[in-house]
Amino acid sequence: MPVSPSYTENLSAGVAAHYQEAERRLLLLIAGYLKKDMDAPDWAELKLLQVQLLQAQARGLLDRTGRQVAAELALTLSKAANRGTAVAMADLAELIRQGLVVPPALPAVEALVGETIRATVGTHPHILRQTLDTYRAVVASTSPQVLLGTQTRLQAAQSALDAFANRGISGFIDQAGRNWALESYAEMATRTATSKAVTSAYRDQMVAAGEDLVIVSDAPQECELCEPWEGKILSLTGAPRIDDIEVEATLDEAEDEGLFHPNCRHSIALYQPGVTEVPTDTADPEGDRARQELRRLERGVRQWKRRSAAALDDNAKAAADAKVRDWQARIRKHVDETPAKRQPQRERLGAL
Ligand SMILES: [Zn+2]
């Protein structure tokens, strides 16, 4: 019984939601400072004097987010490890009756929690810098309009802030050198750690029970990187085999070649010769396309929710909110017409 991909997906949504909310609040904070005293003749100077205040508030907000995320991660990763152990126990039901099961390796989970907290909270200085840079850039690009009146100034500030809200906070580089937006980065880091917690707890149980062979699951709507591994048999320990079972690689080798990459939806399950059915015809390109299109539509919803938070007046807010409803309607239509499954928590911004 492999661990369902939707299981790790649901677990990782909590941390991502904290960051989506932090991003929304930072935009509200920036917009709040910008629109205050919009018709004062010395608006630009006033705004620059307020950078320190904005910085203190933004830092406080990020500190709170950091504490929430740390608590959420400790809980999420322990749940994931428990899940890996439970699934292993179910797979080893016969052996459990013989008393061969070890308790989950808690220190490994603790190390993973620490590592993941550092990876996510480590983004905070970068978030703070982008927040302040954006604020200063909006003020700077708006000041030359000072002689043209309040309305022009409002429009100039709005369009500068919109450009930022459209892309969100960005610029996180992972170990493989890929660039991520904040919301995707937080989700990727958590999902990767969650899946690692499940897999390593599962693996510990299997090795302790003297089992060596696992099979890679056939995930619906698979990722390209893992397609070649689907249904393949892997060795946990690399021990030489005396039977004629075709072992593709060790689990470590498969991971080095890309299996369980960030955001992977695959898992492993005990392979029992003669009992486990090896899946054939595992490709599902149509499902993969439908899922990617859904992700694109979800990004659209979140983008317009950021635009709504960045709105400097009621008209801009109403226009952004209408766009949110548009994109949500497109999601409903897409989910009706394809195998993609809607995940409302992924469209949420500021729903905590
Ligand atoms: Zn994968």
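Predicted model: local features only at pLDDT ≥ 70, side-chain atom pairs only at ≥ 80, totals over all residues.
How many residues lie between S1 and S2 in their hairpin, and which residue in the turn has a positive phi?

**View 1. The hairpin of S1 and S2.** Five residues lie between the two strands, and Gly177 in the turn has a positive phi of about 85°. Strand S1 covers residues 170-173 and strand S2 covers residues 179-181; the two pair in the antiparallel sense over three bridges. To find your way across the pair, look for Phe172, which stands opposite Trp180 in S2.

**View 2. Helix H3 packed with helix H8.** Two packed helices are described by the angle between their axes and the distance between the axes. Here H3 (residues 51-91) and H8 (residues 182-208) pack at an angle of about 35°, with their axes 7 Å apart. H3 passes H8 in a right-handed crossing. From H3, the residues making the contact include Leu73, Leu77, Ala80, Gly84 and Asp91, while those from H8 include Ala193, Ala197, Ala201, Tyr202 and Met206. Sorted by kind, the residues of this contact are 12 nonpolar, six polar and one charged.

**View 3. Helix H11 and its buried residues.** Which residues of H11 are buried? They are Ala320, Val324, Trp327, Gln328, Ile331 and His334. These buried residues pack against helix H10 (285-309).

Note on methods. Residues numbered from 1 in each chain as written. Heavy atoms only, no water. Buried < 20%, exposed > 50% of the residue type's maximum accessible area, 1.4 Å probe, protein only. Helix = DSSP H or I, 4+ residues; strand = E, 2+ residues; numbered from the N terminus. Contact = heavy atoms within 4.5 Å. Axes fitted to C-alpha atoms, helices over the stretch in contact; angles between N-to-C directions. Left-handed = near helix turned anticlockwise from the far one by under 90°. Nonpolar A, V, L, I, M, F, W, Y, C, P; charged D, E, K, R; others polar. Pairing = 2+ DSSP bridges.
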